[in-house]
Amino acid sequence: MPAARSHPTDSTVALLREGYAFLLHRSERDHTDVFETRLLGLPFLCLHGEEAARLFYDPERFERRGAAPPRAQKTLFGQGGVQGLDGEAHRARKGMFMSLMTPDRLRDLARLTTAQWHAAAVKWEMQDRVVLLDEVQELLCRAVCRWAGVPLTPAEVTLRTADFAAMIDSAGAVGPRHWRGRLGRARAERWAGGLIRQVRAGDLDPDEASALRVIALHRDPAGELLDEHTAAVEVLNVLRPTVAVALYVTFTALALHESPEARRDLLSGRGAGEHFVQEVRRFYPFFPFALAKVRRDFEWRGQPFQRGRRALLNLYGTNHDRRLWGDPERFRPGRFRDWNGSAYNFIPQGGGDHVQGHRCAGEWITIELMQGALRFLTEELTYVVPPQDLRVSLTRYPARPASRLVLSGVRRSGGRAGGA
């Protein structure tokens with residue numbers, strides 16, 4: 001790639017108009033992996049591609065403290081969470097999350113989620129139409145709360161699901177969606193804070209390996225318990241992202257509907273479920289970019305990086321980089337048969353190392369739950385996708401099918417349905 005170009009004019013309007021594809025379009029147009037622009041009046045360095053991802057996840061050059069805008073902290077991420085930490089504080093907090101990701105614990109979550117799929121299918125058989133995104137958000141809320149040791153009465157399910165969904169839907173939003181996200185976060189943090197107090201007082205005794213207990217009793221590098229608010233934020237950083245997997249599950253069902261060749265390969269055994277799921281994560285929009293701040297002055301490909309400058313790493317665009325993926329706008333799961341496993345060219349939930357870096361701790365949960373959903377949709381259910389608006393707008397954050405994917409005529413076709 002040639003030297004970087006600078007775009008001194010504000011690109012906010014272009015970002016709103018082009019959405020997820022904004023950084024990709026600029027990189028392709030100017031044949032560069034790094035350029036400077038302004039968004040909402042603030043200067044940003046924009047990075048694209050595999051080598052840029054390697055740079056972005058170098059902790060000597062970039063840090064996360066203060067990178068996320070306050071609007072995102074008050075809705076999506078919360079204030080004081082692991083996403084904004086660096087150095088030893090980040091390693092210790094990330095270790096807390098990674099301790100929850102053992103194979104046994106992942107299997108436990110998969111088992112609980114499968115039980116919720118079966119219970120939901122019984123209900124769906126009695127309904128004329130099922131809005132898949134809404135239903136999967138609820139079943140994942142039930143499953144992850146049980147897995148995390150979080151008590152959830154039947155009367156609470158709708159409220160908690162709505163709060164998590166509002167936080168997720170507030171990403172990049174203005175107006176009512178943003179304010180619903182703020183309200184949902186404030187209410188959920190008060191609820192989670194109460195759970196932390198109960199665990200610490202001995203009034204609530206979740207399983208020793210549960211997320212609620214691990215977070216409530218976690219101690220920082222100085223040996224101190226997390227303050228109640230921070231602990232509540234981190235509990236939500238387990239629950240909320242798991243509910244967000246409903247977006248990926250909805251895209252999985254959309255891919256089964258819109259990519260009949262890939263579906264036939266999967267059902268005939270010529271295609272692998274793991275490859276199908278990975279292609280869903282590559283092809284469909286999830287997070288558009290990751291944020292960081294330059295830690296120290298340096299230069300890369302002719303572009304000066306000044307300390308304190310915010311930087312965006314193009315997640316969606318890197319997953320659609322023609323240099324890496326050849327025909328990125330074609331849904332082709334077989335490409336993952338030959339994927340080299342790089343931690344920097346396939347980055348739907350961030351890049352780099354899970355344990356030491358800022359790659360999403362819940363990525364393995366995402367893959368496990370998506371594979372379970374794929375098996376259920378193809379082996380346990382029959383259904384019809386009636387006429388509806390299935391367009392996925394790249395200018396909506398987070399992206400989703402406009403109809404949230406409606407199913408009709410749902411019937412169980414195999415296995416044993418039941419509840420949990």
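Predicted model: local features only at pLDDT ≥ 70, side-chain atom pairs only at ≥ 80, totals over all residues.

Q: Which residues does C360 touch, not counting residues up to four places away in sequence?
A: C360 touches Q349 and H354. As for where that is, C360 sits in the loop between α15 (322-325) and α16 (363-380). The unreviewed UniProt entry also has a "binding site" annotation covering C360.

Q: Is C360 buried, partly exposed or exposed?
A: Buried means under 20% relative accessible area and exposed means over 50%, with partly exposed in between. C360 has a relative accessible area of 26%, so C360 is partly exposed.

Q: And how does H275 come out, buried or exposed?
A: H275 has a relative accessibility of 18%, so H275 counts as buried. This histidine belongs to helix α13 (residues 273-283). Setting aside neighbours within four places in sequence, H275 is in contact with P333, F336 and R337.

Q: Now helix packing. At what angle do α11 and α16 pack?
A: For an angle, the idea is to sort it into a class: under 35 degrees is roughly parallel, 65 to 115 is roughly perpendicular, over 145 is roughly antiparallel, and the rest is oblique. Helix α11 (residues 228-258) packs on α16 at about 40 degrees, and their axes are 9 Å apart. That angle is why α11 is oblique to α16. The crossing of the two helices is right-handed.

Q: Which residues make the contact between α11 and α16?
A: From α11 come T242, V245, Y248, V249, T252, A253 and L256. From α16 come I365, T366, L369, M370, A373, L374, L377 and T378. Sorted by class, this contact has 11 nonpolar, four polar and no charged residues.

Q: What about the backbone: which residues other than glycine have a positive phi?
A: Here are two to look up. L40, with phi near 55 degrees, is one of them, and it lies in the loop between β2 (34-39) and β3 (42-47). L40 has a relative accessible area of 73%, so this leucine is exposed. R404 is another, with a phi of about 65 degrees. R404 is in the loop between β10 and β11 and, at 26% relative accessibility, counts as partly exposed.

Q: Last one: which residues does a cis peptide bond join?
A: Omega is the angle to check. The bond joins Y397 and P398, with omega about -10 degrees. P398 is in the loop between β10 (381-384) and β11 (406-412).

Key: Residues numbered from 1 in each chain as written. Heavy atoms only, no water. UniProt positions renumbered as here; feature names shortened; annotations may be inferred. Helix = DSSP H or I, 4+ residues; strand = E, 2+ residues; numbered from the N terminus. Buried < 20%, exposed > 50% of the residue type's maximum accessible area, 1.4 Å probe, protein only. Contact = heavy atoms within 4.5 Å. Axes fitted to C-alpha atoms, helices over the stretch in contact; angles between N-to-C directions. Left-handed = near helix turned anticlockwise from the far one by under 90°. Nonpolar A, V, L, I, M, F, W, Y, C, P; charged D, E, K, R; others polar.
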